[in-house]
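Me: I have just opened this one and would like to be walked through it. Could we go step by step?

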Amino acid sequence: MIIDTNTDTEYKICIVDSAYGIYVPQRFAELYSAFLKPSLAKELQAGPDSETYWEAWEEVLNTSKIICDGMIYSLEQDQDVFAIPLGEVSF
């Protein structure tokens with residue numbers, strides 16, 4: 001998590017609202033499938049009736065990173081799903 005040392009403010013970006021309830025993982029897959037392994041995206045897009053939906057979601061939260069505009073983000077779910085900035089991408 002990036003912290004502004006001048007204000008001790010933690011930055012995280014809400015990317016899926018908890019209003020989707022049990023469909024939060026499915027909505028995440030709809031929006032960000034380009035960042036997922038195809039097998040995980042397919043499993044999440046199948047919805048919560050799928051046998052391995054929650055296991056797939058757990059794997060996404062634990063292993064996925066999003067790269068956008070030169071920054072790399074990890075994922076965190078605290079009802080809403082947040083992108084947590086880890087720093088700039090270095091190649």
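**Hairpins, core and salt bridges**

Reply: Strands β5 and β6 form a hairpin with one residue between them, and Gln79 in that turn has a positive phi of about 70 degrees. Helices (H or I, at least four residues) and strands (E, at least two) are DSSP runs numbered from the N terminus, and two strands pair if DSSP finds at least two bridges between them. This is a predicted model, in which local features need pLDDT of at least 70 and side-chain atom pairs count only at pLDDT 80 or more, while totals for chains, interfaces and linings use all residues. Residues are numbered from 1 along each chain as its sequence is written, and side-chain values use heavy atoms, with hydrogens and water left out.

Me: How many bridges hold β5 and β6 together, and in which sense do they pair?

Reply: β5 and β6 pair over eight bridges in the antiparallel sense, and within this pairing Leu75 has Ala83 in β6 as its bridge partner.

Me: And Gln79, is that buried or exposed?

Reply: Gln79 is exposed, with a relative accessible area of 61%, where buried means under 20% relative accessible area, exposed over 50% and partly exposed in between (1.4 Å probe, protein chains only).

Me: Which residue takes a positive phi in the hairpin of β4 and β5?

Reply: In that hairpin, which has two residues between the strands, Asp69 takes a positive phi near 50 degrees, although Asp69 is not a glycine. Asp69 counts as exposed at 78% relative accessibility. The strands on either side, β4 (65-68) and β5, pair in the antiparallel sense over four bridges, and Ile67 has Ile72 in β5 as its bridge partner.

Me: Switching to the inside, what is in the largest nonpolar core?

Reply: The largest nonpolar core has 21 residues, and those with the most contacts inside it are Ile15, Phe28, Leu44, Trp57 and Val60. Such a core is a set of buried Ala, Val, Leu, Ile, Met, Phe, Trp, Tyr and Cys residues joined through side-chain atoms within 4.5 Å. The elements that give two or more residues to this core are β3 (13-16), α1 (24-32), α2 (38-45), α3 (53-63), β5 (71-78) and β6 (80-88).

Me: Which element gives the most to this core?

Reply: That is α3, with five residues.

Me: OK, and what does Phe28 touch?

Reply: Not counting residues up to four places away in sequence, Phe28 touches Ile15, Val16, Ser33, Leu36, Trp57, Val60, Ile66, Leu75 and Val81, contact meaning heavy atoms within 4.5 Å.

Me: What about Phe82, where is that?

Reply: Phe82 is in strand β6 and counts as buried at 13% relative accessibility. Leaving aside neighbours within four places in sequence, Phe82 is in contact with Lys12, Ile13, Cys14, Ile15, Ser74, Leu75 and Glu76. Phe82 and Tyr11 are 71 residues apart in sequence and 9.8 Å apart in space, C-alpha to C-alpha.

Me: Is Ser64 buried or exposed?

Reply: Ser64, in the loop between α3 and β4, counts as buried at 10% relative accessibility. Leaving aside neighbours within four places in sequence, Ser64 is in contact with Leu36, Glu59, Tyr73, Ser74 and Leu75.

Me: Now the charged residues: how many salt bridges are there?

Reply: The count comes to three salt bridges, each being a side-chain nitrogen of Lys or Arg within 4 Å of a carboxyl oxygen of Asp or Glu. Lys12 forms one with Glu76, the closest N and O atoms being 3.2 Å apart. Lys12 lies in the loop between β2 (9-11) and β3 and Glu76 in strand β5, so this pair ties together parts that are 64 residues apart in sequence.

Me: And which side chain meets Lys37?

Reply: The side chains of Lys37 and Glu59 meet in a salt bridge (3.0 Å, N to O). Lys37 lies in the loop between α1 and α2 and Glu59 in helix α3, so the two tie together parts that are 22 residues apart in sequence. Lys37 is partly exposed, with a relative accessible area of 47%, and Glu59 counts as partly exposed at 31% relative accessibility.

Me: What about Glu30 and Arg27, how are they separated?

Reply: Glu30 and Arg27 are three residues apart in helix α1 and so are separated by about one helical turn, and they form a salt bridge in which the closest N and O atoms are 3.2 Å apart.
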